[in-house]
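Me: I have a structure here and want to know what stands behind the terms used to describe it. Please take my questions one at a time.

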Amino acid sequence: MNWTAIAAIYRFEMARFFRTLAQSFLSPVLSTSLYFVVFGTAIGSRIQEVEGVSYGAFIVPGLIMLSVVMLSISNASFGIYFPKFLGTIYELLSAPVNFIEIVIGYVGAAATKALFVGLVILATATFFVDLRIEHPFAMAAFLILSCLSFSLLGFIIGIWASNFEQMSLVPQLIVTPLIFLGGTFYSISMLPPLWQTITLFNPVVYLISGFRWSFYGLSDVPVVFSLLAIIAFTGTCLAVIGWIFKTGWRIRS
Amino acid sequence: MTTILSIRDLRKSYADGFEALKGVSLDIEEGEILALLGPNGAGKTTLITTICGITTPTSGAVTVGGHDIQSDYRAARRMIGLVPQEIALEPFEKVWNTVRLSRGLFGLGKDNARIEDILRKLSLWEKRKNAIKELSGGMKRRVLIAKALAHEPRVLFLDEPTAGVDVELRKDMWEIVAELKRDGVTIILTTHYIEEAEAIADRVGVIDKGELLLVQDKDTLMAQMGKKQIEVMLTEPIARIPDSLAIHNLTLNGAGDSLIYTYDTHADRTGITSLLNDVSQAGLFLRDVQTRQSSLEEIFVNLVSGEAA
């Protein structure tokens with residue numbers, strides 16, 4: 001493994017993040033505060049509690065996941081698409097690095113940025129609601145795995161995309177609806193029975209349910225299923241990336 | 001001399017059937033400067049990108065310092081630096097950081113002194129803290145060279161380094177190349193300017209339609225390329241060339257009103273003065289005089305037919 005190259009890619013990608021640190025910090029704080037104002041206060045005044053947890057606190061894991069998933073995808077897809085767009089990818093392709101090292105560098109940096117924002121949102125939430133984290137290790141594991149797996153997905157999108165419009169296609173048309181319908185702002189048990197069944201086909205449900213369990217011990221689906229779902233998702237992304245690596249799809253002519 | 005780069009029957013075909021390289025074989029000696037001449041679309045860039053790992057070859061073999069570019073790609077690529085034709089740089093990044101990234105990508109540890117040395121040589125030291133977008137086109141091209149040199153390559157590819165740059169920068173570029181040669185770096189550059197090949201190369205390869213037509217010592221090739229023609233147009237047509245002009249090896253055109261004289265621009269004496277004197281002495285009157293140099297394409301054709309003969 002060319003660890004020096006991985007470190008070089010990681011550092012270069014993180015530099016982009018540090019250049020706009022204030023934006024990276026302020027924007028999640030602002031959007032989380034808005035969610036608390038709109039959902040926590042307006043809706044929370046009508047829904048007092050969900051399964052024994054105040055509504056404001058109930059939506060925190062979902063809010064963190066919402067930002068973490070979207071940021072992981074956008075960071076990673078942008079990270080690899082930008083060199084393709086600018087033409088600087090020639091250097092990556094002609095360097096003594098293999099695709100795994102490129103993936104580790106880019107995905108690692110994208111996941112780190114998303115993780116940072118996730119932690120900022122978590123810290124911001126403590127100003128609005130009383131938080132408790134019953135299973136801190138599980139919480140960290142879910143958070144890190146989500147950052148990594150969705151960064152892998154973002155990387156695939158970045159490789160696939162041939163213009164900026166395509167970059168936002170998957171996040172906006174697929175991921176955002178799945179997150180909003182995945183129990184970010186409500187418990188599955190609040191839905192009619194038919195919708196409960198349909199919702200179980202949404203993979204994000206497992207992610208948010210497992211993450212919420214690590215906070216309050218509450219879950220819509222058994223936590224083992226959540227863990228299996230995220231592992232299966234990560235595995236699928238890795239398999240697709242492995243195939244891209246083997247065939248040079250959209251990278252090498 | 002040892003061979004540092006060996007290319008054997010390299011072919012590249014695309015899905016649509018287009019053959020960009022049709023079996024190129026070439027050996028490049030350590031420390032030499034090879035200029036690859038060819039018109040646009042000849043396959044120069046494909047040849048370079050294939051050696052560097054950006055394009056996957058359809059068949060054939062390439063070794064760099066004895067390392068196969070596919071089975072032993074890490075060792076092979078460590079020896080290679082590439083300066084691409086297009087300016088491809090991240091606009092918001094600082095000069096220093098982008099050069100440091102290049103060094104890291106090739107697996108070399110931090111060496112600020114080395115990067116400083118490269119930046120100073122390329123007159124980029126003062127600009128090291130500037131974002132790329134603040135630099136002029138010429139400076140950006142220098143940054144590309146700095147990036148290619150950051151990992152101390154033994155073989156450097158310069159893909160049309162002077163395409164679209166002004167005369168001053170072109171001269172600078174030639175000086176940089178000469179200095180790299182002094183450091184023992186093997187340089188392969190592509191160009192479609194004959195004068196560029198003439199100014200800096202040791203050997204010249206001519207590539208067209210994916211085929212390497214020939215590789216020759218520069219001086220030999222330039223002697224062939226240096227041929228120029230002068231057309232002496234007469235006021236009255238003549239039936240045959242006067243005997244007094246026989247020494248000039250002239251040819252008469254079909255209409256008989258034009259004498260064509262071929263001379264070597266590199267020769268000490270071109271023979272033009274004595275030709276014009278002799279024409280006048282022969283009692284012929286001039287209507288006009290025109291000189292003509294073969295275009296690059298004509299030279300290619302001449303070279304190929306010359307090889308075939």
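Reply: Two strands count as paired if DSSP finds at least two bridges between them. The model is a predicted one.

Me: What makes β4 and β5 of chain B a pair?

Reply: Strand β4 (residues 59-64) of chain B and β5(B) share 2 bridges in the antiparallel sense. Pairing needs at least two bridges, so the 2 bridges of β4(B) and β5(B) qualify. On β5(B), D68(B) is the bridge partner of T63(B).

Me: Why are β2 and β5 of chain B said to stand at the edges?

Reply: The open sheet has 4 strands in the order β2-β1-β4-β5 (chain B), paired antiparallel. β2 (19-29) and β5 (67-68) of chain B each have a single partner strand, so one side of each lacks a neighbour in the sheet.

Me: What packs on the sheet, and which strands are touched?

Reply: Helix α1 (residues 44-52) of chain B does, in contact with β1 (3-13), β2 and β4 of chain B. The direction of α1(B) makes about 70° with that of β2(B).

Me: What makes β3 of chain B "mostly covered"?

Reply: A residue is buried if 20 or more other C-beta atoms lie within 10 Å of its own. In strand β3 (residues 33-37) of chain B, 5 of 5 residues are buried. I33(B), A35(B) and L37(B) lie on one side, with L34(B) and L36(B) on the other, so both faces are covered.

Me: How do you know that β3(B) pairs with β8 and β9 of chain B?

Reply: The test is again at least two bridges. β3(B) has 5 bridges to strand β8 (residues 186-191) of chain B, in the parallel sense, and 4 to strand β9 (residues 203-208) of chain B, also parallel. Both pairings therefore pass. A35(B) stands opposite L189(B) in β8(B) and opposite V204(B) in β9(B).

Me: How confident is the predictor in chain A?

Reply: The mean pLDDT of chain A is 89, and 100% of the residues score at least 70. Confidence in chain A is lowest in strand β1 (residues 49-50) of chain A, at a mean of 80, and highest in helix α7 (residues 136-160) of chain A, at 94.

Methods
Residues numbered from 1 in each chain as written. Chains lettered and ligands numbered in written order. Predicted model: local features only at pLDDT ≥ 70, side-chain atom pairs only at ≥ 80, totals over all residues. Contact = placed C-beta atoms within 7 Å. Axes fitted to C-alpha atoms, helices over the stretch in contact; angles between N-to-C directions. pLDDT = per-residue confidence, 0-100. Buried ≥ 20, exposed ≤ 12 C-beta atoms within 10 Å, placed from the backbone.
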